[in-house]
Amino acid sequence: MRRRIPLIITFVIGLVLITGYFVTRAPFNTLYESFSDYFAIITVFAFILGGGSLLKIHLKRVSSRATDWHYSVVTLVAFLVTLVIGLFKVGNPAGMGGEILAAGSWLRFMFDGVYNPLSATMFSLLAFFVASASYRAFRARTKEATILLSAALIILLGRTPVGAWMTAWMPESLAFLELPNLANWIMAWPNTAGQRAIMIGIALGVIATSLRIILGIERNYLGRGE
Amino acid sequence: MDVTLMLWIDAALTLMILSFLYRDNPFYKFAEHLFVGVSAAYLMAVGFWDHLVPNLLGKLFPSLMSGVVPGAVGRSPDYYYLIPAVFGLLLLTRLIDRWAWLSRWALAFIVGGAAGFNLPRFLDSDFIIQVQSTMIPLVVLDASGNLLWGASFSHVVLVLGVICGLVYFFFSVEHKGVLGHVSRAGIWVLMVTFGAAFGYTVMARISLLTGRMEALGAWLGSIF
Amino acid sequence: MRIPDSILHIDRRIIFLLIGAAVCIPLILKPRFQDSPTPIVQSIFDTVERLPPGSRVFLSFDYGPDTAPELDPMAKALVRHTMTRGHEVSFFTLFPEGVGQIKKITDSLLPLEFPEKAYGRDFVNLGYKAGLGGAINTMVVNFRTLVNADAEGTPLDALPITADVDEMVDYVIILSLTAGDPGLKEWIQFAGDIAGIPVMGGGTAVVAPELYPYYPQQLVGLMGGLKGASEYESALVDRYPAFRNAPMDATMRMGPQVVTHVLIVLLVLLGNLAYFLGRADRAGRTGQGTQAGRRP
C-alpha cells in the first residue's frame, strides 16, 4: 500500500494529462482541466512544507544547542514574525480583504526593506567571484579551452560600446568582423546550434524519464523502504 | 514607512552581506539567517493569499471566505476541491515521522503531474519544432538568384553545428573514425556555446552588482 | 616567489576591490552610451508598436529582487511603450517575489508617468499563481478556473479590462520577463506552441542564450540582459522622443558594464600571460636541471 498506491496515482495522473493533451472530448478534457488545477494547488502546499521543515530543523538546532544555534534563533524569529505579518495582513490598509503587498502594509515593508536588499545582494556577490574565478581558472590550456575563451572575450567586448570602438577602423567590406557584429553572429548561429543540440538531448531525456515515471519503472522519488 | 529609515536598513543589510567578501563573519551569518527566515515565510504568505485562498478555500467554503474573496459571495461549495485539499494535507505529513509515508501519495501526484505535463510539451516544443527549425536551406539565394555567401555560411554552421553537437551526445557508439571527427567538431560548437554563455553570465552578475551599488549610492546621497 | 607566480597568486580581495571600483566609478561619472536595437529586440518593439491601440497584452513578471537590476528596466520600458500605445495591460507573475516587482510598477511608475491611466480600465494586477507550467496550462485550458479575480480579490467581471477575458487567447500577445523556471520557456511550451499566442519578452543574461533556439519560430523576440533592455530603451526614445528625459535605467547601467567587461578581459589576459610565462619559466628550469644532472 505504501508503494503501490503512489505508483497508481502517478500512472493515472500522468496518463490523464497526456491523454488530455491530445483528446479534447469529455471526460478527458474535464479531467485534464481539473487535474491541472489541482496540481497548481498542491504545489502551494510545498511552500507550507518548506516552512514547516525550516521550523523543525531550526527548533531542533536551538533545543540541542548545536554549533551557531544563535543564528537559528534569528531564522526562527524572522520566519515567525514575517509569517504572522503575512498571514494576518498586519498593517494592511484594506484589512484582510486587501492586496497582500498593499502600500503601507507591514509585509510590503518586509519585502522592500528586508527581503529585497538581502536577496539582491546575495546574488550580486557572484559578480566578485565570477571575476576572481575568470582570472584564476580561465586558461587557454587546450584547443577547446582556447575556443571557449575566444568566444567569451568576443561576447564580453562585443556586447558593449567598447567593442564597436575597438573595431571601428575596419573597412566596410570587413564590417562583419566588427566585434558587435561578431558577437551577434555567435549568439544567433553557433550558440543557437549548440543550445539546440543540448535542448534536443534534454528533450529526449525528459521524454524518456517521464515515460519511466508514469510506467512505474523509475521509482527513486518514492525514497527507500516501505 | 520613512524613506530614510528604509535606506538605512537597506544599506545595513547590503553591507552585512558584502562583508563576506572580506571573510565569513557574524554580520554576514546574521543577514544570511534573516534572509532564510523572511523568504520562507514570505513565500508561504503569498502562496496562501494569492493562490490557496481564492483557488481552494474560496471554492470549498465560499460563504466563510466571502469577506476576503468577494467573488465567492453567493457561490455554492465545490466539493471536488476536497481532492487537492486532501493531497495537500497529505504532503504535510512529511513533517511527522510516523505518518511521513503518506506524503508519497501527494508527491506521486506532483511527480505524475510534472511527467504528464512535460512529455508532450518537450516532444513538441523542444524536439519536433527544434528539428523542424533546423531544416533550413544550406544555400541561400537572393530574389535575383545570386548566392548570399554570409547567409549560406550561417545556415551551414547552424545545421552542421546541431548535427555535430548531437553526435557528441550520442554515446551508444564509440567516437572513432569519421564519428570521432564529427564528435570533435561537436565539442568545438559546444565550446563556443559555453563561451557565449560565460560572457552573458558575467554580464548578468555585473548588472546585479550595479543595482546594489546604486542602492548604496542612494543611501550615501541621503547622508551627504 | 617569481613574478608570474606572484601575479597568479594575487589576493582575491584585490580583484574584488578592482571590480567594486569598476562598477562604482562609472556610476559616479555617469557616462552615457548610444545604443541601437538588434533585430531580436527590434522585433518585440515592432510587434508592440503595430498592435492597434486598446489591444489586450499579458505581461508576466517572472522574477524577483535577485534579478531585478536586469529585468526591472525591461519591465519599465515595456510598460512605458504599451501605455503610450494605449494597450490594456494585465500584470501577472509565476514567481511569489514577482508580486513585489509588479507593485513597484503599479505604485511608482504608473501614477508618476501615466497619471491618466486607471486601474481596472487600462491595467490590472492579476497577482501570483503557483503551479509552474501547470498554472499556464490551466489558464490556456480554462482561464477563469485559475484566475477568477485580480490581486485585490475583485472578480474579473467587475473590472472593465477583464470583463471580456474568458480565455487566454483573448490576449493578443504574451510578454514574460524571465529569471529562470518558470518563465519564457514555459510560456512557449504551454501557451505559445499550444494556443498560438505570440510569446516574447526578456530574460536575464544567464537565461537568454538558452532561449535563442526558440527564435524566431516560437519566440517573436528576446531582450537578453541589461544590453537587451538598453537596446529596447533606445528604440523607445528614438520613436518617442518625449522619453528622452525619462530615467532610462539600463542605459545608465551600461557604464559599469563597459568598464567591468574591459577589466575582466584584461584580468583574463593577464592571468593567461602569467600562466604561460610561468610555464615557460618552469620548463626552462627543468631543462637546466636535467642538463646539470647529465654533467659528469
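## Chain C: elements and shape

Chain C holds 11 helices and 6 strands, where helices (H or I, at least four residues) and strands (E, at least two) are DSSP runs numbered from the N terminus. This is a predicted model, in which local features need pLDDT of at least 70 and side-chain atom pairs count only at pLDDT 80 or more, while totals for chains, interfaces and linings use all residues. Residues are numbered from 1 along each chain as its sequence is written, and chains are lettered from A and ligands numbered from 1 in the order in which they are written.

The C-alpha trace of chain C spans about 100 × 40 × 30 Å along its principal axes. Its radius of gyration is 25 Å, whereas a compact globule of 296 residues would have one near 19 Å; the radius is taken over C-alpha atoms, and the globule rule is 2.2 Å times the number of residues to the power 0.38.

Of the 296 residues in chain C, 54% are buried. A residue is buried if 20 or more other C-beta atoms, placed from the backbone, lie within 10 Å of its own.

## Helix α1 of chain A

Let's turn to chain A. Its helix α1 (residues 4–22) has 19 residues and reaches 28 Å from first C-alpha to last, close to the 27 Å expected, that span being 1.5 Å times one less than the number of residues.

The buried residues of α1(A) include P6(A), I9(A), I13(A) and L17(A). The buried residues of this helix pack against α2 (28–63) and α8 (190–214) of chain A, together with α5 (103–134) of chain B.

## Where chains A and B meet

The contact takes 102 residues from chain A and 101 residues from chain B; two residues are in contact if their C-beta atoms, placed from the backbone, lie within 7 Å. On the side of chain A that touches chain B, the largest share, 21 residues, comes from α4(A). The residues on that side of chain A divide into 72 nonpolar, 23 polar and 7 charged. Here Ala, Val, Leu, Ile, Met, Phe, Trp, Tyr, Cys and Pro count as nonpolar, Asp, Glu, Lys and Arg as charged, and the others, Gly among them, as polar.

## Confidence in chain B

Chain B has a mean pLDDT of 93, and 100% of its residues reach 70 or more; pLDDT is the predictor's confidence in each residue, from 0 to 100. Among the elements of chain B, helix α4 (residues 82–92) has the highest mean pLDDT (96) and helix α3 (residues 62–65) the lowest (90).

Terms used:
Buried ≥ 20, exposed ≤ 12 C-beta atoms within 10 Å, placed from the backbone.
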